Amino acid sequence: MSFPWAEHYEPKHALTKWIDSRLPLPRLVYNAVGAGYPVPRNLNYFWNFGVLAGVALTIQIITGIVLAMHYVAGTDQAFNSVEGIMRDVNQGWMLRYAHMNGASFFFIVVYIHIFRGLFYGSYKAPREMVWLLGVVIFLLMMATGFMGYVLPWGQMSFWGAQVITGFFSAIPVIGDPLHTWLLGGFAPDQATLNRFFSLHYLLPFVIAGVIVLHIWALHIPGSNNPTGVEVKGPQDTVPFHPYYTAKDGFGLGVFLILFAIMTFFYPNAMGHPDNYIPANPLSTPAHIVPEWYFLPFYAILKSFTVNWLWVPAKLWGVVAMFGAIALLFFLPWLDKSPIRSANYRPMYKIAFWILVVDVVILGYVGQAEPKEPNVRIGQFAAMYYFAHFLIIVPIINMFEVPKPLPNSITESVLHGEAAEAAPYGVGAGAAH
Amino acid sequence: MAITHTADDPNQRPPVIGEAKEGGAGPRRRDFLNIAAVSFAGIGAVAVVIPLVNQMNPSADVLALAAIEVDISAIASGQAIKTIWRKQPIFIRNLTPKEIAEADAVPVSSLRDPATLAQRTKEGHKNWLITLGVCTHLGCVPLGAGEGETKGEFGGYFCPCHGSQYDTAARIRKGPAPKNLQVPDYSFKSPTVVQIG
């Protein structure tokens with residue numbers, strides 16, 4: 001598909017020939033994950049996380065459909081129906097905990113997947129469309145995760161629904177009607193719960209559709225690799241199957257072991273105990289926090305405490321929070337350096353790791369109490385987050401002197417020292 | 001890499017399936033690892049499917065079946081009541097002597113599902129016909145227990161879905177149903193109280 005030396009699908013049996021000439025579905029699979037898709041030979045384990053994200057979505061869809069067979073989307077029955085799943089349904093406790101922890105693991109692998117892309121310049125030409133579709137998937141994931149968390153109708157469910165739909169009331173002029181329209185009322189109630197159940201069922205299939213586009217877009221230029229150097233010939237690639245099916249299979253085994261440990265031994269470690277209290281519309285819990293995977297964005301929202309430039313703090317926070325994600329859409333055009341991999345970009349590499357630390361700090365502030373020094377730390381961390389993309393990365397592009405790139409993927413794999421040290425575009429041995 | 005042909009080579013153990021390959025050497029350790037990994041993945045997949053299938057079986061709250069007690073003192077001769085047990089209708093019918101005689105007059109050998117009225121009622125309570133109100137064809141509730149409902153050609157029950165006819169002992173006489181209306185497990189706690197289940 002992506003390289004001329006990719007093996008061609010040759011149906012051997014009469015049946016596969018018959019099928020292939022009418023519906024070339026086996027050919028599509030062969031070209032997507034079979035020997036028909038050559039992949040750079042030097043991918044490290046950070047390239048496992050795309051497959052793991054796909055597996056995590058599959059786990060969520062299967063366990064979710066199963067849970068929906070027993071769940072009742074009614075304000076007076078939702079909490080009890082979830083308890084019924086835990087107590088009465090055969091293996092229901094396991095299915096619910098798998099779905100709960102599956103959501104967390106989905107976000108864990110996706111965050112690693114995103115930072116992998118940031119480090120190795122996987123968003124740069126010619127892979128901008130892969131990146132843009134990925135950000136769309138990320139937004140859909142967050143919407144889906146939020147609506148799923150509302151369904152048990154515990155305290156965190158209710159007040160999460162109240163707060164997150166409240167974001168939209170910050171929008172000037174149309175905010176309040178929009179807020180009422182989303183809720184189907186003036187506060188979260190039966191209408192809200194019913195529509196969230198419907199949408200929580202729908203969106204995973206929308207995600208699956210965008211994932212198809214994501215993979216399709218990836219297969220046009222082919223996978224990036226840790227050097228960021230383009231594939232130059234057949235010697236730089238290996239067929240996806242069996243080499244990367246085996247490697248992904250091994251990674252999947254490790255992933256499932258960790259997932260099983262959390263699901264069976266620490267099923268509530270990543271949840272919030274307050275969600276085991278039924279929703280009470282008259283009392284917000286004293287320490288309300290979103291799920292852990294929203295914390296960095298929640299910290300950015302909380303950072304805006306004063307009205308500024310005739311814009312109220314409430315609107316600033318909402319705009320900044322959505323802006324923090326919307327910013328990612330522009331990254332391929334903010335980072336203009338032709339060098340993809342941070343391994344050959346000394347300044348960018350430092351900035352990348354500072355950003356990782358910054359996001360972790362934002363996560364910490366997100367769950368901390370809104371008092372000094374947490375507020376101040378959060379404000380600086382939020383400011384730095386935006387500065388990284390809008391100021392620091394463009395400045396680095398002006399001043400950075402990249403390290404010499406390897407001449408090819410193969411040379412970097414075989415550790416040809418002379419070749420590795422040769423300047424970009426100059427053959428090995430032409431020492432300067 | 002030359003394959004050393006020696007049974008003492010640990011890489012050639014344990015022996016696996018298949019014939020000798022690669023110049024007479026036995027199955028390699030790689031073959032064993034491959035088969036072991038795929039087999040274990042298969043077992044794991046089966047283990048995952050079991051709970052996904054089993055969750056659709058009746059849950060504990062459905063299986064928590066209570067026995068019910070019914071006071072039958074108010075049911076006059078010739079009357080019937082419907083009650084509910086395990087989410088299914090139960091017909092409790094107080095047969096008249098005429099209905100008992102009609103049921104006893106039928107030669108058992110001529111029946112599709114042979115049984116006498118005595119076999120379908122309790123000793124000393126031959127007038128009490130207690131059956132599930134579920135047609136044995138495809139599960140509709142037959143008419144005949146309610147006030148003013150048609151009792152069919154045989155004076156018992158008539159199922160409106162596909163026209164099965166039951167007689168005064170609730171035995172199938174005509175239509176597509178294969179069996180008589182089922183008699184549940186029940187016992188008389190006292191002359192006027194029946195425990196079903």
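Predicted model: local features only at pLDDT ≥ 70, side-chain atom pairs only at ≥ 80, totals over all residues.
Residues are numbered from 1 along each chain as its sequence is written, chains are lettered from A and ligands numbered from 1 in the order in which they are written, and side-chain values use heavy atoms, with hydrogens and water left out.

**Where the two chains meet**

- Putting chain A and chain B together buries about 870 Å², with carbon and sulfur atoms giving 61% of that; buried area here is the accessible area (1.4 Å probe) that two parts lose on being put together, summed over both.
- On the chain A side, A:D88, A:N90 and A:Q91 lose the most area to chain B, and together they make up 50% of what that side buries.
- A salt bridge is a side-chain nitrogen of Lys or Arg within 4 Å of a carboxyl oxygen of Asp or Glu.
- Polar contacts do turn up, with 5 residue pairs across the interface of chain A and chain B, both residues at pLDDT 80 or more. A polar contact is a pair of N or O atoms within 3.5 Å; within protein, one must be able to donate a hydrogen and the other to accept it, and residues adjacent in sequence count only if both atoms are side-chain atoms.
- Helices (H or I, at least four residues) and strands (E, at least two) are DSSP runs, numbered from the N terminus.

**Salt bridges**

- Over all chains, the salt-bridge count comes to 13.
- One of them pairs A:K124 with A:D335, the closest N and O atoms being 3.2 Å apart.
- That pair links distant parts of the chain, 211 residues apart: A:K124 sits in the loop between helix 5 (92–120) and helix 6 (128–150) of chain A, and A:D335 in the loop between helix 12 (313–334) and helix 13 (346–367).
- A:K124 and A:D335 are both buried; buried means under 20% relative accessible area, exposed over 50%, and partly exposed in between (1.4 Å probe, protein chains only).
- A:R345 bridges to A:E400, with the closest N and O atoms 2.9 Å apart.
- This pair also links distant parts of the chain, 55 residues apart, with A:R345 in the loop between helix 12 and helix 13 and A:E400 in the loop between helix 14 (374–399) and helix 15 (409–413) of chain A.
- A:R345 and A:E400 are buried as well.
- Over in chain B, B:E102 and B:K98 form a salt bridge, their closest N and O atoms 3.0 Å apart.
- B:E102 and B:K98 are separated by about one helical turn, because they lie 4 residues apart in helix 3 (residues 97–105) of chain B.
- B:E102 is partly exposed at 34% relative accessible area, and B:K98 is exposed at 60%.
- Back in chain A, salt bridges that share partners tie A:K124, A:D335, A:R345 and A:E400 into one network.

**Annotated regions**

- UniProt (unreviewed entry) puts "domain: Cytochrome b/b6 N-terminal region profile" at residues 15–227 of chain A. UniProt positions are given in the numbering used here, feature names are shortened, and annotations may be inferred rather than shown by experiment.
- Residues 15–227 of chain A are 69% helix and 1% strand, with end C-alpha atoms 43 Å apart.
- The UniProt feature "domain: Rieske" (unreviewed entry) covers residues 97–195 of chain B.
- Residues 97–195 of chain B are 9% helix and 23% strand, and their end C-alpha atoms are 24 Å apart.

**Two residues to look at**

- B:D167 sits in strand 6 (residues 165–167) of chain B and is buried, with a relative accessible area of 2%.
- The B:D167 side chain reaches the backbone nitrogen of B:A169 at 2.9 Å and makes a 3.0 Å polar contact with the side chain of B:R173.
- A:L252, in helix 10 (residues 240–265) of chain A, is partly exposed at 25% relative accessibility.
- Leaving aside neighbours within four places in sequence, A:L252 is in contact with A:L52 and A:V55.
- The C-alpha atoms of A:L252 and A:L52 are 6.5 Å apart, although the two residues are 200 residues apart along the chain.

Key. Contact = heavy atoms within 4.5 Å.
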